[in-house]
Amino acid sequence: MLIRGFLSYFLTRGLTGIINFLAIALYTRALSTSDYGEYALIVATVGFINALLFQWIRLVILRFLPKYKKEGKEFLLLGTLFTTYLVILLGITLISIVVLLTEIVPVHLVLCIVLLIISQSIFETILELLRSLLYSRIYGILSVSKATISLLVALFLIKMGFGSFGIVIGLLLGSSLPIIALYVLLKKQERLYELKQLWNFNYSLLKELLSYGLPLTSTLLLSFIMNQSDRLLISWMIGKSEVGVYSVAYDLTQQTIIMLMMVVNLAAYPLCIRALENGGIESAQRQVRESAVALLLIAFPATVGIIALSNSISSSVLGRDFSAGVADIMPIVATSVLIQGMKSYYFDLSFQLGKKTVLQIWPVLFGSIVNIILNLVLIPLYKSEGAVLATLVSYIIAIVLSWKLGKKLFPLVFPFKEFIKIFVSSMVMMVSLSFWDSDNETFYGLVLKVCLGVGIYFVTIYIFDVWKIRNRIKSFLAQTREK
């Protein structure tokens, strides 16, 4: 089930990741470092508000929808969340009107931010609903459609002279048009009659959901501070151009490492929830352990590969104004992103499966405080390199605290034996690739090096039989022949 779900999400998320990867390459050639920095700050603002107001709704859907669907009460849950969403949306509208009347922020900027918040919140909520129901195919179509539309519209508007706002408008249309198309299709097939039941609302249920979701929202906001506040501080202390270089390094790295880890989590997390609900703690622990091996199997070699080929990646993918600065910080950024992903997709499961999400706040709170203090000290001294080091230290502190607190709530079994095999395999690949790194690389040369690294890694894990990969391949091929 995990492999089938992973392959399904990998095809769609992989294609989405390729499109987003291509977008970064094209944007860095079409925009200046200052324009890209401005776009990064807008996206950071939208991300902060989205996480503050709407992320808890998506987390509640993912955690509780299987349970309520099993009990035949799914529309009570969805109706309560839908009504709450409308109330929050009304609040955003009123606040936006006040901001427009005060003329503190330009009208076009407020409209872009508000519309982007609404469109992305709806899009991401529908994706989580599809994910919880295991509708991976529709999930994939929407994800790929959004990435494709956003890129094409953004490139057209940048060429027309809209600059960074061209990307913002592209994201807006990319989030909106696929949802509109899905609505029209379902309405045409007369499959929307059940939407009437979304007007159900239960205040007691809302309080229960908030007690689960709000601590996670606080955690996500603090995670946002750890991940995004450095961009705001760099802009304040140094300028938008430095933000552009720093943001590209993170965007490029997260489009690979986090994307791969997210694919595993998309397939694995619903299975962990179902294992807990149907088979109890031991069943859930086995499922989480299998998910951890899958995370490490994919993410660790990706991180090592980025470190080994940092110069080749930056020189072949990015524009000339970005490449040198990104290559200098990419190895540390890749390490930070790996730690971030392991914390979010593995160690934090202890709090979520143990239903003590309020305790998840403390590791991130302490890490955020350390991050801000270190940023204030290191950015004036080392610029982007200082911000990268501050983030790395803060994530190390956060993941250690998450492990310490989480093991008392829901003990996780870490696959040490499999990790050692993965580590050795990744090091073999890294040593092989490090001799081929170049600061004057072509894109085709980079592709050949990546294929070489993947081949070396695959042969090594096959020899070590990591995750019983030999039997899994044989089983997969046998099923394919039967179909």
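1. A cavity here is a set of points, on a 1 Å grid over the protein atoms alone, where a 1.4 Å probe fits but cannot get out. Grid points are joined across faces, edges and corners, and a volume is the space filled by probe spheres set on the points. Bear in mind that this is a predicted model, where local features need pLDDT of at least 70 and side-chain atom pairs count only at pLDDT 80 or more, while totals for chains, interfaces and linings use all residues. Residues are numbered from 1 along each chain as its sequence is written, and side-chain values use heavy atoms, with hydrogens and water left out.

2. Now the second largest cavity, which holds about 50 Å³ of space. Its lining (residues with an atom within 4 Å of a point) includes Val 264, Asn 265, Cys 272, Ser 291 and Tyr 345. Helix 10 (257–279) and helix 11 are the elements that give two or more residues to this lining, and helix 10 has the largest share, with 5 residues. Helices are DSSP runs of H or I, at least four residues long, numbered from the N terminus.

3. What kinds of residue make up that lining? It divides into 7 nonpolar, 2 polar and no charged. In this count Ala, Val, Leu, Ile, Met, Phe, Trp, Tyr, Cys and Pro are nonpolar, Asp, Glu, Lys and Arg are charged, and the others, Gly among them, are polar.

4. Cys 272, one of the lining residues, is buried, with a relative accessible area of 1%. Buried means under 20% relative accessible area, exposed over 50%, and partly exposed in between (1.4 Å probe, protein chains only). Cys 112 also counts as buried, at 16%. As for disulfides (a pair of cysteine sulfur atoms within 2.5 Å), the structure holds 0.

5. How many salt bridges are there? The search finds 8 in the whole structure, each a side-chain nitrogen of Lys or Arg within 4 Å of a carboxyl oxygen of Asp or Glu. One of them joins Arg 472 and Glu 290 at 3.5 Å, N to O. This pair links distant parts of the chain, with Arg 472 in helix 19 (residues 469–482) and Glu 290 in helix 11 (residues 281–308), 182 residues apart. Arg 472 is partly exposed at 25%, and Glu 290 is partly exposed at 23%.

6. Two other pairs are worth a look. Lys 343 meets Asp 348 at 2.9 Å, N to O, and both residues are buried. Lys 449 and Glu 441 meet at 2.1 Å, N to O; Lys 449 and Glu 441 are buried too.

Note on methods:
1 Å grid on protein atoms, 1.4 Å probe; cavity = no way out; pocket = protein on both sides within 12 Å on 5 of 7 lines; lining within 4 Å.
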